[in-house]
Each structure stands twice: as structure tokens, then as C-alpha cells.
Amino acid sequence: MPNGIPGNEPTSAGSRRHIFGDDADQYDTARPGYPRQLVQDVLDFSALTAHEPALEVGAGTGKATLDFARSGVPVTCVEPDVRMARVLRRRCAHLPDGDVTIEVADFEAWHPRRRYGLLYCAQAWHWIDPAVRWARARCALVPGGAIALFWNHWFLQCGELADRLTAAHARHGVEVPPDTLLDPRPRPARRGPEARQWRDMTAAGFVEPDHRLYTSAHERSTSALIGLFTSYGGYRALPAGPRDRVMTEMADIVAEHGGRARVQVITSLFLGRTPPTATSSRAAGAWDRQH
């Protein structure tokens with residue numbers, strides 16, 4: 001039976017979103033950041049006033065946090081894992097007081113002290129309980145406030161290398177985890193109004209939806225490429241034995257390939273905003289009365 005990640009585990013999202021904290025430093029080193037143009041586009045769309053803070057959901061180790069904070073936007077970070085938050089604090093220690101505020105909490109249970117003009121989430125929205133995430137986001141935003149959700153999708157540019165690494169998985173009885181570097185499915189699978197995120201956003205009452213894509217590429221050494229594989233939740237959740245064996249063989253394959261591999265990154269950004277209407281105001285008022 002191949003080693004894989006059960007797709008019907010009832011606690012998979014709730015428990016596995018903390019799996020990255022098992023080695024938060026490794027995650028921080030392995031994962032790339034986000035395009036500078038994306039950050040600017042989000043800020044342009046949100047049209048925050050000077051020094052108006054933004055809310056980041058699932059901040060992790062700050063791969064997006066620093067980009068927004070360095071753009072002059074104070075950021076309130078909500079991060080559920082204390083180990084990830086520890087790295088985030090260290091990375092933000094050089095910033096002036098008040099630029100980044102970190103709260104260790106699940107977004108589903110977190111109580112904001114104010115409402116925000118921008119809520120953004122980098123690589124983490126799928127970990128938030130789908131039953132409440134959109135309503136919680138709307139209540140945390142002012143009328144007309146912007147939401148920005150973005151993800152990196154990674155691809156090996158060399159098909160021959162991808163084939164060899166995929167074959168290594170089969171030899172060790174390990175399934176390629178979904179949404180990872182070797183996943184053969186097109187990513188993003190759908191675009192614009194056909195995308196699930198777009199449909200969910202508009203169904204939750206967000207308006208002015210937009211979907212933008214950004215393409216970049218970088219070269220990785222053998223160790224950096226294996227580090228990227230190891231940083232995926234799907235690989236972290238595998239039994240240690242099969243995971244270590246497939247990682248070892250993949251490292252040998254990349255070394256034979258010349259010790260370097262070029263990785264293409266497609267970053268997918270979904271934008272929307274709460275309607276500047278009485279409906280939005282009533283929702284915000286209900287939030288104030290409850291919290």
C-alpha cells in the first residue's frame with residue numbers, strides 16, 4: 001500500500017496546519033517569498049490610508065509579513081503555531097515598535113480589537129475552517145475593506161528531472177503529495193470566475209473579485225531543492241522511514257543532474273472587498289456586539 005495522505009481524515013486540516021512548526025526554521029529557509037509586484041498590487045487595490053494597519057491571517061514565519069511592513073503598513077499577525085510565531089518575532093525584531101503585532105491564536109477563535117481595511121493571507125487560507133473563514137473575514141473588515149489571498153505553485157522546469165524524481169517515489173512506495181513540486185496536475189487548476197476561491201468569495205458576499213497571476217523562476221542547489229520538498233505538509237506527514245529514503249534518493253538524482261535545478265513559481269492572487277453597504281455595516285455591528 002503506497003504511503004500517502006488520507007484525504008478524508010476529519011482532523012487533517014485542524015491538526016496538520018501545525019505540522020510546519022515541527023521545524024519552523026527549516027520551513028522559513030526553504031520557502032520562497034512573494035513577488036514585489038503582488039504586494040504593491042494588493043496595497044493599490046486596498047487603498048489603505050497612511051499608517052492604516054492590515055491584518056494577516058496565518059502569518060507563519062513572516063514570508064509575506066516583512067514585505068508589507070517594509071511598505072509602511074503596520075501589520076497585525078494572527079498565527080496559530082507558537083513555534084512559527086517565535087521565528088516570526090525573531091525576523092521582525094529589527095523593525096520599529098508597532099510595525100508588526102503578533103498574536104498567537106486560531107483565526108476561527110481570535111477576537112480583533114478593531115476592524116481592518118485589508119485582510120491578507122499567504123499560503124494558508126486552506127487551513128482555516130471553511131465553515132467560518134469567509135464570515136470571520138467579513139466581520140474583521142470595514143465596509144469596503146479588501147481581502148487578498150495568495151499562493152505559490154512550484155514547478156520543475158526540467159521534465160526529465162521531474163520524471164526521475166517521480167519514479168523515485170514509486171520505488172519507495174510513496175505517493176507524490178498533491179499541490180507539491182511534482183504534482184502533475186495543472187496549477188492553478190481554474191482561473192477567474194471558474195476558480196473555487198472566486199466562487200466561494202462571491203458567494204460569501206465579497207464584491208469586485210479579481211484573479212491575477214505572477215510568474216518567476218529561481219535556481220536551487222540540491223540541498224535547497226530537497227529542503228523545499230521537505231517543507232511541504234504532505235511530505236512532513238509521511239512516515240519518517242519512507243520519507244527519508246525517498247529524500248535521500250532524490251538528493252542523489254539532483255546531484256547527478258548537476259547539483260542544481262531551476263524552479264518556476266506561479267503565484268496566484270485573489271482579490272475582493274466587502275460591499276460598502278448597510279449589509280456590511282450590520283455584519284460589523286453584530287461583530288462589535290458579540291466581541
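C158 is partly exposed, with a relative accessible area of 27%. Partly exposed lies between buried, under 20% relative accessible area, and exposed, over 50% (1.4 Å probe, protein chains only). C139 is buried. The structure holds 0 disulfides, a disulfide being a pair of cysteine sulfur atoms within 2.5 Å.

| Cysteine | Relative accessible area | Class |
|---|---|---|
| C139 | 16% | buried |
| C158 | 27% | partly exposed |

This is a predicted model: local features need pLDDT of at least 70, side-chain atom pairs count only at pLDDT 80 or more, and totals for chains, interfaces and linings use all residues. Residues are numbered from 1 along each chain as its sequence is written, and side-chain values use heavy atoms, without hydrogens and water.

The largest nonpolar core has 31 residues. Such a core is a set of buried Ala, Val, Leu, Ile, Met, Phe, Trp, Tyr and Cys residues joined through side-chain atoms within 4.5 Å. V42, F68, L118, Y120, F150 and L269 have the most contacts inside it. Helix α3 gives the largest share of this core, 5 residues. Helices are DSSP runs of H or I, at least four residues, and strands are runs of E, at least two, numbered from the N terminus. Beyond its neighbours within four places in sequence, F68 is in contact (heavy atoms within 4.5 Å) with residues including V39, V42, L43 and F150. A second, separate core of 25 residues includes F107, A124, L141 and A195.

Elsewhere, T222, L225, I226, F229 and T230 in α9 meet M247, M250, A251, V254 and A255 in α11.
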